Amino acid sequence: MNAALLMKGIVAMAASVSAANAPAGSWAEAARGFALGPVPAQVDLRNMLCEHIVRRSCEALDRAADRRINAVNEGAWQAWRDDIRGRVRNDLGELRFGPGGPELNVRAVSRHERPHYVIENVLFESLPGWDVNASVYLPLAETFPPPWPAVVIPVGHSTKTGESYQVPAQVFARLGYVAITFDPPGMSGEKQAGNDHFRDGVRCCLTGHSSNRYFIADALRCIDYLATRGDVTLANGLGITGVSGGGYTAMFAALLDARIRCVGPSCCAVPNAMHPVIDVYAPCAETLAAGRFEYYDDVDVLAAAAPTPMLLMAGLKDEVFKIEWGRDIASKVRAFYAAAGNEEAFGFFADPGGHAYTVAMALEFAKLLDRHVRNTPERAIPALTRDDFEMVDPALLACNPRQEENMFTINRAMAERLRGNRSGLPIPEAVRQLVHAGRAAEPEAVAGPPSLAWFHNVQEVLIKPEPDIALPATYLVPAKEGWRGGAILYFDETGRWNDLRTHGMLARMSGFISEATDGPAVLTVDLRGWGDSVPADLPYDLASWGGRDRWLSYVSAGLGDHILAMRVRDGLAALAYLRTRPEINPGTIVVGGHRMGGVVALHVAAADGNVAGVFSMNGLASFESLAADPGYTWPMEAFLPGVLEHYDLPELAAALRMPVLIANPLDARGMRLEAEAAAAVFQAAVEANPACTVTPGDSAAAEAFVKRILGG
């Protein structure tokens, strides 16, 4: 820039400041009128998003509780219960068990005779190719002649070699029951490869089911296996009991299989409003099926087991599932059982210990088993203690299950099948349904004073798509009197100023520092949780599995309004605001974004349908890649629940009827796709839309794209 032009701009800026803030006595007094920088928000931007999700989640859980209470008051408990059971089945996806289940392909592994019981280790398939590594604890035949009744003991976030699983299994075996335990996917047991319940569990959202499916399927197939044994009787059904994650599996399984005649969840039920919502705890993906808050809390899952006999157990010193929560839940479940005419079938037992399954718990549950499964309600239960039981060498429980099929590979295959079996819903309509987008109304907005910077006015804006959500935005527009023209609406996960500052891409597109510029204008917006509104770190982020993106993704999924859906609606609100600016021609707006901002931009263009063009720069190439690549690096916020049932990003691009630019698309690991690979991924989009371009370039390509559409 030459010196004369620079001086002209400085003089113009000084004149603007002088006119707006003429000092009335001192520069210090003038400084009180300082108006540059973001518009002050009426909400705390750092806590805004978490508080929004907490509030809405609690409101949804209140509605779920009201439905249960109303069902009780109106005598409609059975219809309510059946609805909850149906929703759980739907959330889990296809589960094949019982007579219609696939072949078990049982393989014996080892047998170990102990002084008071026998261990048999066995492998069988829960899903095709997916092994259950079962350790079966048998009573001594000379003490309890077979056939024996049985109990299933799902393992929590641990391994079957732990004390909370070995010891209870021994208790049941010494009381005449066959007890079967098995490792859950992931955790610290034998089924770890491809079964990380955080990283691999969240992938299941893409294909439209909860990863809880894999935990529950194993428990139900254990029942199928027991049914094949000649030394086991299921004439009166069987029991299921477990602690922590194992108790969680038990309480869900009890809704699905009529062969379960009594259930004993321990140290597992919690008011979801308290945990993981209000405490902002990054939970396990399998606990939060998409949309569950609107229909069922943990107390609802327990109540929906009625009238199946249940013993709910808790530890007085449990540091995870507080005893006061357990007592509160127990009172609510008992009330529901009473409404179902079977109050005596529900019991609550508080153990003096902590987060563990104790001998005392096993003995209490054995009484329930004796009454409802063994048909010996008057039998005296011996006063056994922890000292009566051993801990066997973990090597004696090893099964060495195959690792080739796992949560990752099974879900990947589901994603591949969905590629040729989408819902058939028109993609724009599918987008609107997934992101809950109706017609975007003009949002409330507060604009700060324009500040002249050379030949443009720079204005900070606060857009409010919802009463408790504020989106900081920056608006750059030519300062020419009477100017009217097109605009760029831009989203960037790294912050709205990232491509403005130091004459960045957006500044260049606008013709900044060019007296002859004819635009376009630029509105760059921090969608909720980005830029100035990045959520503050909170206590549970200290945990190795913690993190804002996990909590935001998992809990918003449980709410039924995923964080990515919220951001798409934010983008639509920003578009609606931009169209209200009198200097903007509503028909000449190009929407674009960087990384996840590019994903949002494509969705905004599809849901709206009337933008002049859309570009995604350094954006995710496909949702399916997140299901297919074991080493993805994108945040959990990218996993939009159910999206692959309807479309993938290349199909979304193909459905657009405006110029589209896919610049430098990235794979699941955040690496640039080579030109040939990118062309293959987006081939259908290019064929469907002659105005669709895929290029390895980034900012230069985006600038050329915008110039071609808007001029400047």
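Modeller: The pLDDT is the predictor's confidence in each residue, on a scale from 0 to 100. This is a predicted model; its mean pLDDT is 94, and 96% of the residues reach 70 or more. Over residues 1–21, however, the pLDDT is below 50, and this stretch has 18 contacts in the model beyond near neighbours in sequence. Where pLDDT is low, the predicted coordinates should not be read in detail.

The sheet itself is open and consists of 9 strands with mixed pairing, in the order β1-β2-β3-β5-β4-β6-β7-β8-β9. Its edges are formed by β1 (107–113) and β9 (346–351), each of which pairs on one side only. On average, neighbouring strands are turned by 20° against each other, direction ignored. Within this order, β4 (residues 150–154) pairs with β6 (residues 238–243) in the parallel sense, over 2 bridges; here V152 stands opposite I240 of β6.

Helix α12 (residues 359–372) comprises 14 residues and reaches 20 Å from its first C-alpha to its last, close to the 20 Å expected at 1.5 Å a residue. Its buried residues are V359, M361, A362, L363, F365, A366, L368, L369 and D370. These buried residues pack against the strands β4, β6, β7 (260–266), β8 and β9, and also against helix α5 (163–174).

Definitions and conventions
Residues numbered from 1 in each chain as written. Predicted model: local features only at pLDDT ≥ 70, side-chain atom pairs only at ≥ 80, totals over all residues. Heavy atoms only, no water. Pairing = 2+ DSSP bridges. Helix = DSSP H or I, 4+ residues; strand = E, 2+ residues; numbered from the N terminus. Axes fitted to C-alpha atoms, helices over the stretch in contact; angles between N-to-C directions. Contact = heavy atoms within 4.5 Å. Expected span 1.5 Å × (residues − 1). Buried < 20%, exposed > 50% of the residue type's maximum accessible area, 1.4 Å probe, protein only.
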